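Me: I have a model open and would like to learn how to read its features one at a time. Please start with how the elements are named.

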Amino acid sequence: MFRPGVSTFLNYLVAEFFTKVYPFNFRPDSGGHRANNGGVHRFRLGLCSFTWQIKRVIDLRSDTVSKPTPAMRRAMATAEVGDDVFGDDPTVRDLESHTAELLGKEAAVFVSSGTQSNLCALMAHCQRGDEYLVGDHAHTYMFEGGGAAVLGSIQPQTVSMLDSGMLDLDAAEAAIKPDDAHFARTRLLCLENTTDGKVIGLEDLEAGRELADRHNLGYHLDGARLWNASVALGVPPVGIAAPFDSVSVCLSKGLGAPVGSVLVGSASLIDEARKWRKMLGGAMRQVGLLAAAGRHAIDHHLERLAEDHENAQLLAEGLAQIDGIELEAQNTNMVFVRTPQKMPEMEQGLLRRGVQTRWSGNHSRMVVHLDVSETDVKSVLAAVSSELND
Ligand SMILES: Cc1ncc(COP(=O)(O)O)c(C=O)c1O
């Protein structure tokens, strides 16, 4: 015979709590523009209010790790959408025309990622058997799966990069192939700004344009972090984009959108890029939900990148003071450090102290972003110091 006992009663209470009380009383607060403020939770019972904070991890692995803010999520939830493959999504159309205008180009196409954006650009500029000139550790060449060669039949011709991040233009010019059946046709010059957080200045960008013009080459910018360059130089985005025929910008790095990049250029180039986007499986339907996040990111998170650069400087200055850390560089939102010898335990040790980093041997790149505050930087410095010296 069934006898309700103490445990049944407790089960009932737990179920009631989680279905009726918890959803209406426990609210993660959102601090300022940050989505990830450590999860401050509050529970109200009658006149009493209990607050506690769940310790969070400060993630410095990349500026791609930030979470959409509550305001961004609201913009996404209320976005008007349509089938973008039919050109029916007003939010995508708005993001495309706004980004084209911001970067001073005729047209734009919204794509899923920086990788897809660069690949669509390369395939729009180059035919099968053509060649593009690219930095020997540029993202397009090193970290995009060789897509230009594999899917575009475009041969990469690497060019050494100077300490400034700029391509060695003399080396680039020397690598341009003569018009001869033995060679691939050199068609495109490709730059990256920022690169490892380094800002390439307007004179260098212009010098690249002159080289491209002398040899009748297209000129493409991987501007995944063009926004950081713009803020660091105090030059509006259009000024950085001006010398280029096409520019790819990412919304999901410092700007903090969850997904998306935009490729801008002339109307005919973007038409061509749209065709490649479709072939790559990147044409999406009611994607205004994501475009809304991108538009929100441009409107609200662009100018605040200056805060990331300041926090990165604070981090760099603090790390330089810690015994056992050598500061290599701080460029915009990125800080590069090394330890005198390999510290295999460093990653795990810091993680136990609430700081997530990536180490390659004795090197680490630490990236400051939307979800890292000045207070967080101080916590990181305390964690690194304790890890090395306690
Ligand atoms: C300079 C640069 N270009 C392009 C990309 C590719 O972007 P995605 O990861 O969105 O494909 C990245 C990604 O980190 C990058 O750092």
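Reply: Helices (H or I, at least four residues) and strands (E, at least two) are DSSP runs, numbered from the N terminus. Residues are numbered from 1 along each chain as its sequence is written. This is a predicted model: local features need pLDDT of at least 70, side-chain atom pairs count only at pLDDT 80 or more, and totals for chains, interfaces and linings use all residues.

Me: Where is Ser153 placed, and is Ser153 buried, exposed or partly exposed?

Reply: Burial is counted from C-beta atoms placed from the backbone: a residue is buried if 20 or more others lie within 10 Å of its own, exposed if 12 or fewer, and partly exposed in between. Ser153 lies in the loop between helix H6 (147-152) and strand S6 (155-159). Ser153 is partly exposed because it has 14 C-beta neighbours inside 10 Å. Its phi is near 55°, a positive value in a residue other than glycine.

Me: What is the phi of Thr332, and why does Thr332 count as buried?

Reply: Phi of Thr332 is near 45°, again positive in a residue other than glycine. Thr332 sits in the loop between strand S11 (326-331) and strand S12 (334-338). Thr332 counts as buried because 26 other C-beta atoms lie within 10 Å.

Me: Which residues does the cis peptide bond join?

Reply: Asn193 and Thr194, with omega about 5°. Thr194 is found in the loop between strand S7 (185-192) and helix H8 (202-214).

Me: How do I read one face of a helix?

Reply: An α-helix has 3.6 residues a turn, so residues three or four places apart point the same way. In helix H2 (residues 70-77), Met72, Ala75 and Met76 are buried. Seen down the axis of H2, these buried residues fall within an arc of 100° (taken from the directions from the axis to the C-beta atoms), so they line one face of the helix. They pack against helix H12 (288-301).

Me: Which residues touch the most other members of the largest nonpolar core?

Reply: A nonpolar core is a set of buried Ala, Val, Leu, Ile, Met, Phe, Trp, Tyr and Cys residues joined through C-beta atoms within 7 Å. The largest one has 74 residues, of which Cys120, Leu122, Tyr132, Leu263 and Ala273 touch the most other members. A second, separate core of 18 residues includes Met334, Val335, Val337 and Val368.

Me: What is Leu263 in contact with, leaving aside its neighbours within four places in sequence?

Reply: Contact requires C-beta atoms, placed from the backbone, within 7 Å. On that basis the partners of Leu263, with those sequence neighbours left aside, include Ala108, Val111, Cys120, Ile270 and Ala273.

Methods: Two residues are in contact if their C-beta atoms, placed from the backbone, lie within 7 Å.
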